[in-house]
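Please open the model in your viewer and keep the selection panel at hand. The stops below are meant to be followed in order.

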Amino acid sequence: MTALYELSGLSADLPLPGDLLTALLPMRKPRLNVLQDITLTLRKGETFGLVGESGSGKTTLARVMLGLAPASMGERRFQGEPLSAPGAMARLRRGTAMMFQDPVASLSPRMRVGEAITEPFAIHREGLPDRRAMAIELLARVGLPPAIAARYPHELSGGQARRVCTARALALNPALVIADEPTAGLDVSIQGEILNLMSDLKDERGVGFLIISHNLSVIRHTAERIAILYLGRLVETGPTAEVFAQPFHPYTASLIASEPNPDPRRRRADLAIRGEIPSLLRRPKGCEFHTRCPLAAPQCRTLAPTLREVAPGRSLRCHLAGP
Amino acid sequence: MTEPLLQVRDLRVAYGPVQALRGASLNARAGEVVGIVGESGCGKSTLAAALIGLPAPGATVSGEVRIGGDDLLALPEPARRRLRGERVAMIFQDPMTAFNPVLTLGDQLIDFQHRLAEPRAAKRGRARAMLARVGLPDPDLALHRYVHELSGGMRQRAAIAAALLMRPPLLVADEPTTALDVTMEAQILHLLRELRGEHQGAIVIITHHLGVVGELCDRVYVMYAGEVVEEGTVEEIYHTPRHPYTRALIACDPAHVAQGQGHLPTIPGRVPDLAAPPAGCAFAARCPLASARCATPPPRHRFGPTQVAACYAVAP
Amino acid sequence: MSSVAEALPASRRSGALHRLMRDRMGAMGAVLVAAFVAMALFAPWLAPYDPLKLDVMHKLMPPSLAHWAGTDQLGRDTLSRLIWGARTALGVAVSSIGLAGAIGIALGLVAGYGPRWLDMALVLVLDSLSSLPMIMFALAVITVLGPGKGTLILVIVLVSIPGYARLIRAQTLTLKNADFVQAERTMGAGPGRILARHILPNVVGPLVIVLSMDVPVVIMLEAGLSYLNLGVKPPEPSWGNILYDGYTSLRSQPALVIAAGVPLVLSTIGFTFLGEGLRDALDPRLKVGPR
């Protein structure tokens with residue numbers, strides 16, 4: 001097992017919109033602390049699931065990993081090489097790809113599909129003897145007919161647009177593809193098509209996937225390992241099957257219990273979790289989850305727990321819970 | 001049995017050549033939560049609009065939507081307007097659309113009661129009580145807030161309060177939890193479940209999410225390509241689905257599939273073009289049980305007192 | 001799946017053109033504009049006489065078979081002068097608007113996509129420029145540099161840049177954070193490529209509409225300033241000059257002033273209709289940006 005992407009002690013801030021004066025003057029600008037102390041290792045060729053509700057910082061994490069946003073602390077290593085090394089950013093761009101939540105919006109609106117999916121070759125100045133043939137091959141790889149190459153993004157259906165974005169992401173045979181909500185907006189009967197396609201590509205080409213989603217059932221089916229993010233901190237990581245079978249962190253447990261169950265016989269009578277995810281602007285002191293936690297004790301309000309390994313391959317950030 | 005509160009008979013809605021609804025019939029009784037489930041393009045949004053008597057401009061509508069005996073579609077607009085709010089209210093996927101962004105929540109909740117001849121203070125008191133009932137913390141403060149100052153979950157609670165304010169016997173909820181996170185979704189579902197006990201009327205939930213149906217509904221109508229293909233109790237639909245589409249839909253739901261690697265089931269093919277819908281069963285092109293007879297409209301087979309499926313292949 | 005693909009229009013551009021020509025006003029505008037462009041391009045061949053050739057024996061003639069639009073106070077053929085005047089009018093309008101548009105695009109892209117301090121500096125400059133009263137500014141520049149075509153173009157360019165730059169900047173700012181631009185960044189595309197291939201094609205559409213609707217404004221401005229003897233210097237044919245000549249001879253030969261007014265009115269209508277037609281033809285596809 002080799003490490004594909006390592007994050008250690010990573011934190012990230014976002015600039016808060018200030019007035020014109022603060023932008024021009026060289027004083028300290030107001031910033032919002034989004035990610036804190038993220039330590040995570042993605043392995044080569046594995047599908048990793050990142051779960052979090054809106055406001056948990058999961059999209060920011062993807063942006064930081066791709067070098068679209070800076071980290072304020074900690075280290076990022078792609079294929080063993082720190083991103084601060086000279087030329088590392090270019091190799092990161094070459095070896096990673098992103099699939100956005102809204103596939104149509106992530107395609108240049110005035111560019112035909114054929115051109116859009118071969119764009120990575122042009123960007124990295126990789127000679128293509130026949131761009132059209134490559135476009136057709138990429139489309140075939142994701143199960144789309146050649147005629148799609150002549151279309152514009154707005155002429156695609158939701159499922160087709162997903163496939164086109166998958167084709168573009170795979171164009172340069174990346175080692176890591178980050179997929180943000182890969183099934184958002186898709187009907188249940190189409191969801192499976194996209195997830196199956198991704199798992200086939202992983203098996204055939206050894207692509208590593210980082211799937212970011214708030215949809216637990218999607219993550220449960222695709223990811224080998226998962227991490228749960230709450231207010232910018234990892235609260236639990238581990239193999240998917242184990243975490244779902246026995247969640248340690250109370251937040252993970254309530255997330256799993258909150259998922260609506262289609263079986264009326266297993267209808268829930270109680271409520272697994274109350275309250276709302278606090279705003280990042282008012283990050284609770286101590287453990288971030290104590291405001292909603294059923295187990296919260298006095299120490300949780302003052303002392304922030306650290307992420308510790310509690311079982312082989314499983315880590316947890318909680319004072320009280322554990323195996 | 002008493003007269004159903006909501007009776008929809010042979011409802012057809014077309015936008016130009018596109019036949020979005022092709023003869024849907026359904027009903028809902030007082031005290032019942034009815035789910036309408038289907039994928040995009042099945043006509044459920046069109047149905048939702050018709051249920052509150054607001055079909056899209058330019059749509060051709062025929063059939064009946066009876067709420068407490070009055071056919072909403074046959075009434076002139078002023079009478080329809082009176083029925084909306086008094087007899088039927090709606091909760092939308094995006095609660096922002098239900099509110100005016102430049103008025104405070106309190107002003108709007110008072111304004112929604114404009115038909116009542118009561119002093120303003122009484123209306124305000126009712127608004128406050130309703131906000132407290134739906135679980136808004138500090139309802140007095142919430143009355144002074146603008147909608148954009150509330151979080152998504154709180155907005156949806158406020159929208160539910162607005163809908164219930166005039167105690168309409170029929171509540172229509174169009175994808176009420178789709179825009180919410182899992183933990184907020186669970187809380188809104190919980191709230192709706194509590195309210196159904198107090199609310200004497202019927203609740204119609206329109207959704208694509210089988211989980212929402214399983215958690216909330218008593219009876220379900222499964223829609224495909226503008227038609228109701230199967231109806232039954234939630235128990236029947238989930239545990240003994242008859243129509244091949246219902247079966248396929250349940251099989252595809254990742255929450256249903258046992259955990260493990262391997263492929264998720266899908267439904268091959270796609271929804272037929274509703275500008276030229278097939279004469280027979282609309283699902284035939286994608287159906288594993290389809291045969292030549294499916295080119296003519298399928299019979300509606302009855303399975304027990306509550307379950308009906310429109311299919312040749314699944315005769316009881 | 002593929003049957004739908006074949007049914008779709010092959011090209012969006014031809015789709016827009018098709019929609020433009022189906023719109024009666026737009027089509028009319030396009031035809032009028034095409035006629036004026038042809039007049040300007042082929043003036044030497046179209047004009048029956050030399051526009052500068054004096055013939056005092058036949059001055060201020062009414063329209064006749066020999067002189068379709070009559071002659072002016074120096075006996076020059078009015079039709080020939082109007083045809084050559086189209087060349088002057090369009091030449092000034094197209095070169096000044098084209099130049100202003102190009103500079104506006106460059107400044108707008110840099111301001112919208114570049115660092116924040118540069119954006120603010122550019123906005124400050126543009127705002128100061130557009131706060132100058134246009135006519136006063138024009139008169140001041142003409143006083144300093146002297147009247148003439150070059151001065152005219154310079155003035156128009158300077159007063160038009162801020163509006164164009166601001167339009168491009170606003171759209172660039174929106175598109176900068178659009179998913180497809182972020183997607184290009186994740187693929188490793190540099191700012192040059194992103195601006196040229198992804199942002200520019202999506203922002204020029206609205207600008208082209210504004211530009212085409214500004215052409216008649218500039219034609220009017222040229223005519224107006226030339227009428228005041230502050231624009232194109234006589235004897236060079238310009239619609240403004242012809243209008244001025246017509247005004248001075250209004251009592252003896254009213255045909256002249258009418259003949260000078262007709263192309264002004266028609267070109268204004270043409271470019272305005274074309275602009276509106278373009279806007280309607282392109283608008284449904286302009287909905288880009290973050291959702």
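In this predicted model, begin with chain B and select its open sheet of 4 strands, which has the order 2-1-4-5 with antiparallel pairing. At its edges you will find strand 2 (18-28) and strand 5 (70-71) of chain B, each of which pairs on one side only. Next, select strand 1 (residues 6-15) and strand 4 (residues 59-67) of chain B, which pair in the antiparallel sense over 8 bridges; within strand 4 of chain B, Ser62(B) is the bridge partner of Arg12(B).

Select Glu115(A) and Arg197(C), whose closest N and O atoms are 2.5 Å apart in a salt bridge; the pair crosses between chains, from helix 4 (residues 113-123) of chain A to helix 10 (residues 191-227) of chain C. Glu119(A) also forms a salt bridge with Arg197(C), with the closest N and O atoms 3.9 Å apart. Glu119(A) is buried, with a relative accessible area of 0%, whereas Glu115(A) is partly exposed at 31%.

Finally, select Val37(C), Leu41(C), Phe42(C), Trp45(C) and Leu46(C), which form a nonpolar patch on the surface with about 550 Å² of accessible area together. Helix 3 (24-41) and helix 4 (43-46) of chain C each give two or more residues to this patch, while Phe42(C) sits in the loop between helix 3 and helix 4 of chain C.

Notes: Residues numbered from 1 in each chain as written. Chains lettered and ligands numbered in written order. Predicted model: local features only at pLDDT ≥ 70, side-chain atom pairs only at ≥ 80, totals over all residues. Heavy atoms only, no water. Patch = residues over 30% accessible without salt bridge, like charges linked within 9 Å, V, L, I, M, F, W, Y side chains within 5 Å. Areas by Shrake-Rupley, 256 points an atom, 1.4 Å probe, with all protein chains shown as cover. Salt bridge = Lys/Arg side-chain N within 4 Å of Asp/Glu carboxyl O. Pairing = 2+ DSSP bridges. Buried < 20%, exposed > 50% of the residue type's maximum accessible area, 1.4 Å probe, protein only.
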